[in-house]
Amino acid sequence: MHIALSPRDLEFQDEVRRFLDEEFTPELRAAAGRQAGVFAEGDLNRRWHRILFEKGWVAPAWPKAHGGAEFSPVQRYIFESECAEAGAPALPAMGLQMCGPMLMGHGTEAQKAYHLPRILSGESYWCQGYSEPGAGSDLAALQCRAVRDGDHYVVDGTKLWTTHAHFANWIFLLVRTSTEGKPQAGITFLLAPMDTPGISVAPIITISGEHEVNQTFFDGVRIPVANRVGEENQGWTVAKYLLEFERGGVFSPRVKGLMAKVRHMAAAERADTGLSLIQDPAFRRKVIELEIELAAVEATERMVISKLSAGGAAGDSSASLLKLKGTETMQKATELAVEALGAYAAPDQRPALGLGANAAPMGPDYAAAPVARYFNTRASTIYGGSSEVQRNILARAALGL
Ligand SMILES: Cc1cc2nc3c(=O)[nH]c(=O)nc-3n(C[C@H](O)[C@H](O)[C@H](O)COP(=O)(O)OP(=O)(O)OC[C@H]3O[C@@H](n4cnc5c(N)ncnc54)[C@H](O)[C@@H]3O)c2cc1C
């Protein structure tokens, strides 16, 4: 269950470290350190995307035939771990990890030829139009309607929680083209440029104070039939295929990065005893308990990588287990960070956050982001399949249902 790194993998790990030392400059590090969101803001994404693209590493999982790096599962793990532990900007998943692989599996040759190079270069920036006010966990309840009119569909309705719709120039969306039969049977998968007349985006400012998500409205939007992926009314198959890519992923490197910050802060801050917080037995115990939990998540991730390396499938329940425990440990790490911050967690640090920051944080430099990260991370047990939904999947697998 452990991954024995081959000499080639160790060489690759060194190469990734050298690349990060050179390209993840102090300026980029400072900008990334002031980000609290799931994905870094648009401009920072674009810059980091470009750097990875030029290196040929922007799409670690894509096949070389489509311009990807085609890393092995172990190399992917090394790459993701090194980037996350260094605190490199998290690139949005919607284009590189969701739309691209979905098109490779279900797109027409024309769609692949047009979109894949643009996703890779960063020219297109995608958002995901799945959820609606009445359709989240129960996605098949979606109502956004598309009616065929010659060579176009005319779309009316709304999508909710569209992450980065305000940065995106393309959206993939699920629409209802039929109300006959099962709800899943009347769904169609479409692609649309965000500047199509009739599409508008309204910001949603979350409890962390960030503008990361939106509500997107469709008012008589004409989308060419050529932008349909798969057949009419068969979009559910395409939608589920795409979700397989959304749900995969590793958590432990990101949580390790957060725990390194917790330890750094706790070494600098004082407990009531006058000792540094990290020497305080009660706080130290919480840190170590969480690190043990994190070691279990990491071991599970490595088990999955071993299986994939041996040519096996990860299995649906591993993805659910990792989503459940990975997001829980991530939330706990952000709770410890707020605790370590002490009094500096009380003031409003938002003016010191983000690319447009116009103020220094109140207190040390590390005081800017932990509270916003704490609030932002509350959503991680909701998006990408809520914890309750993951528990249902695990229960069904365990009970053989
Ligand atoms: C920050 C953020 C970003 C997002 N980004 C996007 C995006 O870019 N594009 C997009 O399309 N969507 C996005 N989403 C939407 C996300 O996928 C949904 O929020 C999620 O699927 C849950 O749906 P819901 O919000 O409608 O809650 P509901 O499905 O209404 O759930 C409400 C509660 O009921 C529980 N519940 C629901 N069904 C069951 C069940 N069968 N058994 C037990 N408990 C259940 C849930 O766990 C939850 O606690 C985002 C959400 C958030 C919070």
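Start by selecting helix α8 (residues 252-268), whose buried residues are Ser252, Pro253, Arg254, Val255, Lys256, Leu258, Met259, Lys261, Val262, Met265 and Ala266. Here a residue is buried if 20 or more other C-beta atoms lie within 10 Å of its own, exposed if 12 or fewer, and partly exposed in between, with C-beta atoms placed from the backbone. The names of helices (H or I, at least four residues) and strands (E, at least two) come from DSSP runs, numbered from the N terminus.

Before moving on, note that residues are numbered from 1 along each chain as its sequence is written. This is a predicted model, in which local features need pLDDT of at least 70, side-chain atom pairs count only at pLDDT 80 or more, and totals for chains, interfaces and linings use all residues.

Stay on α8 and look along it. Its 17 residues reach 24 Å from the first C-alpha to the last, close to the 24 Å expected at 1.5 Å a residue. The expected span of a helix is 1.5 Å times one less than its number of residues.

**Stop 1: the domains**

Next, colour the chain by domain: domain 1 (7-91), domain 2 (126-245) and domain 3 (248-399). These bounds come from an automatic or database domain assignment. Between the centres of domain 2 and domain 3, taken over C-alpha atoms, there are 31 Å. Where they meet, eight residues of domain 2 are in contact with seven residues of domain 3. On the domain 2 side that touches domain 3, you will find two nonpolar, four polar and two charged residues. Two residues are in contact if their C-beta atoms, placed from the backbone, lie within 7 Å. As for the classes, Ala, Val, Leu, Ile, Met, Phe, Trp, Tyr, Cys and Pro count as nonpolar, Asp, Glu, Lys and Arg as charged, and the others, Gly among them, as polar.

**Stop 2: the ligand**

Now select the ligand. Which residues are closest to the ligand? They are Tyr130, Gly136, Ser137, Ser386 and Glu388, out of 18 residues that surround it. The elements giving two or more residues to this shell are β1 (126-129) and α12 (387-399). A residue is near a molecule if its C-beta atom, placed from the backbone, lies within 6 Å of it. By class, the shell has eight nonpolar, nine polar and one charged residues. The ligand lies between domain 2 and domain 3, because both give residues to the shell.

Follow α12 next. Its 13 residues reach 18 Å from first C-alpha to last, close to the 18 Å expected at 1.5 Å a residue. Just after α12, look for Gly400, which takes a positive phi of about 70 degrees.

**Stop 3: the nonpolar core**

Select Trp126, Ala168, Ile171, Leu190, Val262 and Ala337: these have the most contacts inside the largest nonpolar core, which has 91 residues. Helix α10 (residues 316-341) gives the largest share of this core, eight residues. A nonpolar core is a set of buried Ala, Val, Leu, Ile, Met, Phe, Trp, Tyr and Cys residues joined through C-beta atoms within 7 Å.

Zoom in on Ala168, in the loop between β3 and β4. Ala168 counts as buried because it has 24 C-beta neighbours inside 10 Å. Leaving aside neighbours within four places in sequence, Ala168 is in contact with Tyr125, Trp126, Cys127 and Met194. On the same terms, Leu190 touches Ala146, Tyr153, Leu173, Val175, Ile223, Asn227 and Arg228.

**Stop 4: two positive phi values**

Most residues other than glycine have a negative phi. In the loop between β3 (152-160) and β4 (170-176), pick Trp161, whose phi is near 65 degrees, a positive value. Is Trp161 buried or exposed? With 22 C-beta neighbours inside 10 Å, Trp161 counts as buried.

Then go to Glu70, in the loop between α3 (42-55) and α4 (73-86). Glu70 has a positive phi of about 50 degrees although it is not a glycine. With 15 C-beta neighbours inside 10 Å, Glu70 counts as partly exposed.

**Stop 5**

Select Val38, in the loop between α2 (26-33) and α3. Val38 touches Ala90, Glu212 and Asn376, not counting residues up to four places away in sequence. Val38 is partly exposed, with 19 other C-beta atoms within 10 Å.

Finish at Ile119 in helix α6 (residues 109-121). Ile119 has 26 C-beta neighbours inside 10 Å, so it counts as buried. C-alpha to C-alpha, Ile119 and Cys99 are 8.5 Å apart in space and 20 residues apart in sequence.
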